[in-house]
Amino acid sequence: MTATAGRPPADADPATLAAAEDERDTAAPRQVRGGWRALAVQPLLVTLGVGAYLLWRATAELSDTEARQLGATTLWAAIREHLALTLAAAVLVLLIAVPLGVGLTRRPLRRLSPLVLGVANTGQAAPAIGLFVLLATWLGFGFWTTVVALVLYAALPVLRNTMVGIEQVDPRLVEAGRGMGMSTLAVLFRVELPLAVPVMLAGVRTALVLLVGTATLATFINGGGLGVLINTGITLSLNSLLVSGAVLVALLALAVDWLGRVVEHVARPKGL
């Protein structure tokens, strides 16, 4: 019987097995260090971007409207609103999409998965601005209508990746867990979900970046956020506001994406 790639055969002599263990133990720290080095690049770029923007802001000649909109108090309030929209929507997406994704992989609800995925696909396939306006005419304008629209728009990656992550777990591992006397719930929490974590977190990171970008549309339904700068810049032909809003949203998306990568790196089960 051939050995699995990177592993000695089961009937190898003890010296070979010990050498393989030593090689794996020394390779793991190198992989961890390499992963953390790669993660260090993105925050450096974000820091440089923020520094460049602050330097431009300190030296730019702005009109009264631009100076008022880009003042520290007003700008920080817009950033807080944008983060609040993103955080509220992200929490609701996790509370809804993860349990729903787990439930749709269980036998009683599995037959409903095409219907639920179809609804989620419709929410993301619809033009975002149209979804925001339709919900505003139904629920009214404001913060929470924006959050509902963001949840509908960003639920699909988390839902789909939760289902894919659980379904790709080797059935033999599930059977082994049941053979050890674990209940169905214990197998889910101790076998399936830990192995599905990398795929699930990739979906969460994708959803977070979507939320940061799509939250700029909140300005059209009085939801606040950095989209106000972009909309004002377009309406009044003030390029400083337009570019400032776009740059800040891009930097915020990069920062959120980096945080998601860090969580993926930390939460990934050992050996994967």
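# Close-up views of the predicted model

**View A. Surroundings of Thr 86.** Setting aside residues up to four places away in sequence, Thr 86 touches Leu 208, Leu 211, Val 212 and Ala 215, where contact means heavy atoms within 4.5 Å. Residue numbers start from 1 along each chain as its sequence is written, and side-chain values use heavy atoms, with hydrogens and water left out. The model is predicted: local features need pLDDT of at least 70 and side-chain atom pairs count only at pLDDT 80 or more, whereas totals for chains, interfaces and linings use all residues. Thr 86 is placed in helix H4, residues 72–104; helices (H or I, at least four residues) and strands (E, at least two) are DSSP runs numbered from the N terminus. With a relative accessibility of 6%, Thr 86 counts as buried; the term buried stands for under 20% relative accessible area, exposed for over 50%, and partly exposed for values in between, with a 1.4 Å probe and protein chains only.

**View B. The protein as a whole.** The secondary structure comprises 11 helices and 0 strands. Of the 272 residues, 39% are buried. Among contacts with a separation of 6 or more, 74% are between residues 24 or more positions apart. The protein exposes about 15,800 Å², of which carbon and sulfur atoms supply 67%; accessible areas come from the Shrake-Rupley method with a 1.4 Å probe, and for residues only the protein chains shown count as cover.

**View C. The largest nonpolar core.** A nonpolar core is a set of buried Ala, Val, Leu, Ile, Met, Phe, Trp, Tyr and Cys residues joined through side-chain atoms within 4.5 Å. The largest has 31 residues, of which Ala 89, Phe 132, Val 147, Leu 150, Val 158, Leu 159 and Leu 211 touch the most other members. Two or more residues each come from H4, helix H5 (113–125), helix H6 (128–139), helix H7 (143–167) and H9. H7 gives the most to this core, with 10 residues. A second, separate core of 15 residues includes Leu 70, Leu 229, Val 249 and Leu 252.

**View D. Helix H10 and its packing.** Gly 227, Leu 229, Ile 230, Thr 232 and Gly 233 are buried in helix H10, which spans residues 227–235. The buried residues of H10 pack against helix H3 (64–69), H4 and helix H11 (239–267). After H10 comes Ser 237, with a positive phi near 55°.

**View E. A nonpolar patch on the surface.** Leu 87, Val 91, Leu 92, Leu 95, Ile 96, Leu 100 and Trp 144 form this patch, with about 690 Å² of accessible area together. Patches are made of residues with over 30% relative accessible area and no salt bridge; like charges are joined within 9 Å and nonpolar side chains (Val, Leu, Ile, Met, Phe, Trp, Tyr) within 5 Å. H4 gives the most to the nonpolar patch, with 6 residues. Leu 92, in helix H4, is partly exposed at a relative accessible area of 32%.

View F. Rings of Phe, Tyr and Trp (its six-membered ring) pair if their centres lie within 6.5 Å; planes under 30 degrees apart count as stacked, over 60 as edge-to-face and the rest as tilted. By this rule there are 2 aromatic pairs. Tyr 53 and Trp 56 form a tilted pair, 5.7 Å centre to centre with 35° between the planes. Both residues lie in helix H2 (residues 41–59), 3 residues apart, about one turn of the helix. Tyr 53 is buried at 9% relative accessibility, while Trp 56 is partly exposed at 32%.

**View G. Salt bridge between Arg 106 and Glu 192.** The structure holds 5 salt bridges, each a side-chain nitrogen of Lys or Arg within 4 Å of a carboxyl oxygen of Asp or Glu. In the bridge of Arg 106 with Glu 192, the closest N and O atoms are 3.2 Å apart. Arg 106 lies in the loop between H4 and H5 and Glu 192 in helix H9, so the pair ties together parts 86 residues apart in sequence. Arg 106 is partly exposed at 22% relative accessibility; Glu 192 is buried at 8%.

**View H. Salt bridges of Asp 257.** The side chains of Arg 205 and Asp 257 meet in a salt bridge of 2.8 Å, N to O. This pair links distant parts of the chain, with Arg 205 in helix H9 and Asp 257 in helix H11, 52 residues apart. Both Arg 205 and Asp 257 are buried. Asp 257 also meets Arg 261 in a salt bridge of 3.0 Å, N to O. Arg 261 is partly exposed, at 36% relative accessibility. Salt bridges that share partners join Arg 205, Asp 257, Arg 261 and Glu 264 into one network.
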